[in-house]
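Here's a quick briefing for anyone opening this structure for the first time.

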Amino acid sequence: AAQTVCITTPITDITYSLNNATNATVDGLPAGVTGSVTGGSFTITGSPTAGGTFNYTVTTTDGCATATASGTITVQSQTIDLTNGSSTPSVCENSALATPIIYTIGGTASGATTSGLPAGMSGTLAGNTFTIAGTPTEAGTFNYTVTVTGSCATPAIATGTITVSPSSVGGTVASVTICGGSSGTLTLLDYSGTIDHWETSTDQSTWTNIANGTINQAYTNVMTTTYYRAAVTTTCGQVYSTTAKIAIHNLWTGATNTDWNTGSNWSDGNVASTIC
């Protein structure tokens, strides 16, 4: 009448004889275990599908007055419960998960493993605490499973989903060297996200926004060294492309002397008259 079994494992049948009674009922049994009358006996049998301690009572339903009998079925199992964080967090690629996902294991548990995590994230067990943390290095939707094992054959399972949004990639813009007063177009390549705007500067410290959300940025009648870059955004924030420098062939520096036929006196090392 007092048994301890693992979840989903059949109990040893418990049989009561009915004296001066022909029927009986039972309450308090775990799910998966039932009682029934066969001839002059009442038998409890089955495989429990719920863990815990179950105090049951068998009661006769006819005959002379009422008789009862009781017992206890203790159903052991591995357990797992979410105790910190969300099982379905969202995080940016190459950014650490802000709040670790922590599960507490119990019952007959002795080990835990996980599968399905994005690269850069892992699960570790310390005592009865299983922690999922890290910095995902790939984007996508990742359905993970934590499997808890122990002395009972049936493992405990917890599942969740980690959504990793792609990080912004600024891309590249090639630098050019032109003759003073020339015009042209710069093109943004290899970016990931949405182009929010372009920016221009002559000193790379003060930048002016340009309302342009396309991959192409025109420059017109450039007479001095000028810089351009694109601002690219995703849900994971804004980043800049490489900075493109528009250098001027015929820009006098006088770095060596006052002779205009000396290439080192010009910004690109070439005498202006041979280029422009």
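In the largest nonpolar core, which has 19 residues, I80, Y103, I132, Y144, V146 and I162 touch the most other members. The strands giving two or more residues to this core are β10 (101–107), β13 (129–134), β14 (140–150) and β15 (156–165). This is a predicted model: local features need pLDDT of at least 70, side-chain atom pairs count only at pLDDT 80 or more, and totals for chains, interfaces and linings use all residues. Numbering runs from 1 along each chain as its sequence is written, and side-chain values use heavy atoms, leaving out hydrogens and water.

**Cores**
- A nonpolar core here is a set of buried Ala, Val, Leu, Ile, Met, Phe, Trp, Tyr and Cys residues joined through side-chain atoms within 4.5 Å; buried means under 20% relative accessible area (1.4 Å probe, protein chains only).
- Strands are DSSP runs (E, at least two residues), numbered from the N terminus.
- There's also a second, separate core of 17 residues, with I7, A21, A24 and V75 among them.

**Salt bridge**
- Searching the whole structure turns up one salt bridge (a side-chain nitrogen of Lys or Arg within 4 Å of a carboxyl oxygen of Asp or Glu).
- Its partners are E199 and R229, at 2.8 Å, N to O.
- E199 sits in strand β19 (residues 194–201) and R229 in strand β22 (residues 226–234), 30 residues apart.
- E199 is buried at 3% relative accessible area, and R229 is buried at 15%.

**Around Q217**
- Q217 lies in strand β21 (residues 216–222) and is buried, with 8% relative accessibility.
- Leaving aside neighbours within four places in sequence, Q217 is in contact (heavy atoms within 4.5 Å) with residues including W198, N212 and Y228.

How values were computed
Buried < 20%, exposed > 50% of the residue type's maximum accessible area, 1.4 Å probe, protein only. Helix = DSSP H or I, 4+ residues; strand = E, 2+ residues; numbered from the N terminus.
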